[in-house]
Every structure is written in structure tokens, then in C-alpha cells.
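Subject: Structure handover

Hello,

Here is the structure you asked about. Please open it alongside this note, then read on for what was found.

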Amino acid sequence: MRYHLITYFIFLFFSVDLCAQKKNYTGLIKSPTAACSLPGMLPTSAIAVCGTTTFNQPNVTACQGAIITSTACPPDNASDNAFWYKFRCYQAGTLGFLITPLQSTDDYDWEIFDVTGITNLNDVYTNPNLVVSINLFGDFINGPTGCTTAGTTNVNCGGGTFIFNRLEPLQVNHDYLLMVNNYTNSGQGYRLNFNGGTAVITDNTPPIITSVTSGCNTAQLKVNFSKDIKCDSVTLSGSEFSITNGTHVVTGVTSTCSAGFSFITDLTINLQNPLTTGNYILHVNNGTDGNTFADACDELTPVGFQIPFSVVQQTPLDFTTTTFTGCAPSFIDVTFNKPFLCTSVTPTGTEFSITPTNPAITSATYTCVNGRATVLRLNLTNPLPFGNYNFVVNNGSDGNTITDTCGIDM
């Protein structure tokens, strides 16, 4: 009797534990201490995927991600030790994919979000309506998980539920995020491949350059691509680029690739000398690595691709209007033709004077956004009487006049 009673209590203990908790891997789980910040481990740095490619993630760095609010599996879910992937549906159908842990006992959770039209991808943490499929299955027997024909529902919460979800319907021209997190926190990675569904998430159009712009420094050109470009297809020397008219030496390129990103949507071309004002053409050909630029599906920018661009002369900082209120104003509002740096204005407005009679200016105020402003208010000691005046700009007590966003003084 005692033997059977002990056996009964042991069975009851494990049954209650599995119902009350999502998992019970106390011997394996390590609490992450650092916030998730590596490229690919946040929604905003999600990795572009291709429906025809297997993605190998050899390891998963332990990190503490933001909580994801959930109504499907309340109250919330973790995004610890996670990588994020992004894709678009080009032909409606169902999505099939499989996450295969490199360590068979690892417990992997995942969620799919529809982020179509979402400008702030961090909304996935707080808006549960974005979730379209979720699987938090966890048991003492784990293994491959994903959306397959073996699944019957799009929601499997924690505990001994079901390790597969149904094939998920996708809508054409909708954008999606997939979060994959290693709940076991073993450090081991996985393989991710997309198969078994009918939806098309592969874009066979080649990547091209959509714009080339120059800013204050015309020895640098900002290049934007039509889609995500693999970092390993970009040479650091920028050997894929050449510029006509004239002979212009490309000394290299800079991008977030150097920070560990796998994909980029833009880069900066660095030139030996600044470009003068005029019209140019940027050419793309095979670089020293033997290719142009590859997207997630290894589609390449066509050899010989070219795009025209212009370098325009910088417009000097100037006034457009001066306005005031009343017949004897106590302040003057000055509007500039482009933004100026707020830090270039002294609080007492020493850069400015008014003639004749030179009424005293007591202060200069403005609304500063991201360090810039376009309207300046000059407050006067006494109301300005009726008459005609000149507005004068000179060096202030800080040694300069007013400076535009290119660092050029007025």
C-alpha cells in the first residue's frame, strides 16, 4: 500500500507541474542577462528570408528580449534568445516551414506577425492583434516545429500541446515577421527552411539601386537599394561601382555590414575627392568578388546597371521673412530658407542687431527639433516704434554667425 501511495504522489506531482508551468527544464535553462541587441535579434533588424533557401543559424546568443503581449496565449510571451525574420507574400496561399534544432532536445518557440503597413515594428511587442500563428509547445520530448500538414490549429500554447501548427494562410502583398526563440537557452542553433505550403514568398526580380544622393560632403554618396542586399556580396573597396562623367576614384564603402548585419538596404560610397556641381551616372559591374549585389534569393543586380544622379550647389543660409505682431512689436520672428543648427545661436541673440537706433535684443528663442530649427524669435528690450529698419547678422559672442546643417556659417 505504501509503495503504491508513493507512486501515486509522484505521478500527481509531475502532472500538476506540467499543467501549471510551460516547461520544466530547471537544469538546462540559464537566465539571460544582456538585452537582445545583436543584428537579427530585434524586429527592426530582422533577417530577410527566401522561400527557396535553408537558413542555418549555428548558435543563438543568450539575451533578454522584450515581453510580447498575448491574447492567444495569455498573459504574455518571451522574446529571449530570439532571431527575427521578415518576408513578403507575392502570391497568396499557405505558408509551410520547419525549424529543426541542432540539438534534438532543444525547445524552440515561435510566432508569426502580420506587419503590413506597420511603421514601427516594435508594435509586435504590444499589439496582440498582429499575431497570426503561435507555437509555445514545450515538453520533455521536443524536436522540429513549424507549420506543416500535421498541424490542425494556428495556436499551441505552452505545455504538452502540439508541436506543429497548421499551414498558415498568407495574403498577397502582406509583410510578415517570424520570431524564433530558443526557450531552452542551450546556445545551440537550428535550421530554418520553407516548404510544404502554396504561398510564394520568393521575389525573383533582381535588386537595383533606386536612388543616389549627396549631402553636405560631396565626397560621399548615399545609395539606396530596392530590397535587402546580402552583406557578403558587397566588397569593402566598393569595386562594384564606377562613376562617369570624369574619373572619380572610389576608396571604399561604409554600411551597417561592419556592425554584424547580414543584410543592408543602403550604403555610402566614399570618394577620393568631392564631386563638383553637375550631373553624373553611377555604374554597377562585377566587383573583385566576381559578382554585383545579391538579394536573399541570390538574385543579382544586372551587370551594367546604371542610374543618373546630380550634385547640386549648396544654397546659402538666408532669411525668407521677418514678421511681428502689433504696431510696436516687442519681438521679431525671423524665418530662414532652410534649417539652422540650434547650437549655433547664443541664448542672448548676440549674432543679430537692428539698425538704426539699434534697439537691444534680450534673447533668441526657437523650437528645436533634432537639433534644428527654421524660425527664430528675437525678443526686444523695448517695443520697436514705427519706421524702417535693417536686420544685421554678425559673429556672436560664440565666434560665429548662424550655421546651417552642413556646418556652413551664414
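Leaving aside its neighbours within four places in sequence, which residues is leucine 192 in contact with? They are Thr53, Thr54, Phe55, Tyr85, Phe97, Leu98, Ile99 and Leu178. Contact here means heavy atoms within 4.5 Å.

Two notes on the basis. This is a predicted model: local features need pLDDT of at least 70, side-chain atom pairs count only at pLDDT 80 or more, and totals for chains, interfaces and linings use all residues. Residues are numbered from 1 along each chain as its sequence is written, and side-chain values use heavy atoms, with hydrogens and water left out.

**The largest core**

Leu192 is among the residues with the most contacts inside the largest nonpolar core, which has 32 residues. Tyr85, Phe97, Leu178, Tyr190 and Phe194 are also on that list. A nonpolar core is a set of buried Ala, Val, Leu, Ile, Met, Phe, Trp, Tyr and Cys residues joined through side-chain atoms within 4.5 Å. Buried means under 20% relative accessible area, exposed means over 50%, and partly exposed is in between (1.4 Å probe, protein chains only).

Several strands each supply at least two residues of this core: E1 (47–48), E5 (82–88), E7 (97–101), E8 (108–114), E14 (175–182) and E15 (188–194). Strands (E, at least two residues) and helices (H or I, at least four) are DSSP runs, numbered from the N terminus. A second, separate core has 25 residues, including Val223, Ile269, Leu271 and Val311.

**Around strand E15**

E15 is mostly covered, with five of its seven residues buried. E15 runs antiparallel to strand E2 (residues 55–59), and four bridges join them. Glutamine 57 has tyrosine 190 of E15 as its bridge partner. E7 is also antiparallel to E15, with five bridges. There, phenylalanine 97 is bridged to phenylalanine 194. Two strands count as paired if DSSP finds at least two bridges between them.

**The six-stranded sheet**

Six strands form an open sheet with mixed pairing, in the order E1-E5-E14-E8-E9-E11. E1 and E11 (155–159) are the edge strands, each pairing on one side only. E9 (residues 131–137) and E11 are parallel, over three bridges. Isoleucine 134 has valine 155 in E11 as its bridge partner.

**The four-stranded sheet**

Another open sheet has four strands in the order E16-E17-E20-E19, paired antiparallel. E16 and E19 (250–254) stand at the edges with a single partner strand each, so one side of each has no neighbour in the sheet. Neighbouring strands here are turned by 25 degrees against each other on average, direction ignored. Axes are lines fitted to C-alpha atoms, for helices over the stretch in contact, and angles run from 0 to 180 degrees between N-to-C directions.

E16 (residues 209–214) and E17 (residues 220–230) are joined by five bridges. They form a hairpin with five residues between them. Serine 211 stands opposite asparagine 224 in E17. Seven bridges join E17 to E20. Isoleucine 229 is bridged to isoleucine 264 in E20.

Aspartate 266 is found in E20 (residues 263–271). Is Asp266 buried or partly exposed? Aspartate 266 is partly exposed, because its relative accessible area is 29%. Not counting residues up to four places away in sequence, aspartate 266 touches Lys222, Val223, Asn224, Phe225 and Ser255. Its C-alpha atom is 25 Å from that of threonine 54, 212 residues apart along the chain.

**Aromatic pairs**

The structure holds 17 aromatic pairs. Rings of Phe, Tyr and Trp (its six-membered ring) pair if their centres lie within 6.5 Å; planes under 30 degrees apart count as stacked, over 60 as edge-to-face and the rest as tilted. Phenylalanine 225 and phenylalanine 293 have ring centres 5.3 Å apart and planes at 65 degrees, so this pair is edge-to-face. Phenylalanine 225 lies in E17, and phenylalanine 293 in the loop between E21 (278–284) and E22 (305–311), so the pair ties together parts 68 residues apart in sequence. Phenylalanine 225 counts as buried at 6% relative accessibility. Phenylalanine 293 is buried too, at 0%.

Elsewhere, Phe319, Phe336, Phe340, Phe352, Tyr366 and Phe391 form one aromatic cluster.

Best wishes
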